[in-house]
Every structure is written in C-alpha cells, then in structure tokens.
Amino acid sequence: MKRVLPILAGLLLCAVAITVIGQKKVLTPKEERREIREKRRAERIANFERTIDSIVLARSFQFNPQTMQRQPAGPLRSIMNPEFSVSIWNGSADICLPYVKGYVPPYYVTVINYTIGDLQGYTTEQTHEGWMVTFSSSLFSSSTYTFTFEIFSRTGGANLTITNPWYSPVQYSGSISQIY
C-alpha cells in the first residue's frame, strides 16, 4: 500500500497536468475577433511586402516623391505636384523630377524631364529592409547622373538619391507603387 499510494498520486498529478496543458484557452468573442483582425492584417502586410518585392524584381515600378533635399544640409522641400515621378519598365525610365542645380549659392530648382531607353549599369541588390536599385544615365548631357533607390519592402517607402559630379546630391523621399 505504501508503494501504491505514491504511484497513484504521481499518476493523478500527471493526468491533471496533461489535462491543464492540453486544454485550449476559450476566447471571448471580443478576443477572438481581435485575433482574427490581427491575423488578417499580418496577411495583408505580407502580401504587400511580396507585391513590392515582385515589382522591384520585375523592374516595373513607379517612385512617387513627396519631399526633396539638396545634400548635405539643404532645405527640405515638399513636392505637391502629382506629375513628378520616376517610372521604370522594360529597361527604360520616364523621369520627371524637380532638381537642385548650382555650384555655389544661390542654388536654383530646375526640372529633369526625360525618357531614357538605356539604363546603364542597372543593378538590384536585396538588403535587410528591402532593395537597393541603381542605374546611371547621361540624361542627354555631358555628365553622368546616378540614380540610387533605397526601397523599403514592408512600408512601400523609398529614398532616391541623384548624384552628379558637378552638383550636390539631391535626395527624395516618397513611395513605390505598381505601374498600371
């Protein structure tokens, strides 16, 4: 009897532990809806991230700028004109952006408005936050303009930096979208 009692107590304790661990928490209707909403949002975020990844890999996307700034410390300017964008598709680019020119102050804003059929050195590199896309073009001038996109897959945001050997770099912040 002395041996049986500890064995039975141990079996009973194991049975209770298995029952408690094996039970699924019963959710209230409010908690269940919250979990469903969170799951649905997580799926939408993952789908959005896959969409951004696929349009970057397909080389078919549009950059929509919202701000611009001459580097390293120029004033931050808002871009309200919806006509300003950079579209990439089929190895071509349609570029329409304000751009800051000048060697010394006073700097002035001009517009880069070109369609380019040959993107020199087009590279796409995956980073821990998204993508780095780079290409160059002369923009039908005597110097080379280098376009560097830093694309954030999760948020759809992007930074574009245009460098030129004659002028200060200009950085744009905006969003990436699919070309329709």
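This is a predicted model: local features need pLDDT of at least 70, side-chain atom pairs count only at pLDDT 80 or more; totals for chains, interfaces and linings use all residues.
Tutor: Residues are numbered from 1 along each chain as its sequence is written, and side-chain values use heavy atoms, with hydrogens and water left out.

Student: What kind of pair do phenylalanine 63 and phenylalanine 149 make?

Tutor: The structure holds eight aromatic pairs. Rings of Phe, Tyr and Trp (its six-membered ring) pair if their centres lie within 6.5 Å; planes under 30 degrees apart are stacked, over 60 edge-to-face, the rest tilted. For phenylalanine 63 and phenylalanine 149, the centres are 5.7 Å apart and the planes at 70°, so the pair is edge-to-face.

Student: Is phenylalanine 149 buried or exposed?

Tutor: Buried means under 20% relative accessible area, exposed over 50%, partly exposed in between (1.4 Å probe, protein chains only). Phenylalanine 149 has 0% relative accessibility, so it counts as buried.

Student: And what about the pair of tyrosine 114 and phenylalanine 140?

Tutor: Their ring centres also sit 5.7 Å apart. The planes are at 50°, so this pair is tilted.

Student: Which side chain does serine 143 join through a polar contact?

Tutor: Serine 143 is buried, at 9% relative accessibility. A polar contact is a pair of N or O atoms within 3.5 Å; within protein, one must be able to donate a hydrogen and the other to accept it, and residues adjacent in sequence count only if both atoms are side-chain atoms. At 3.1 Å, the partner of serine 143 is asparagine 164.
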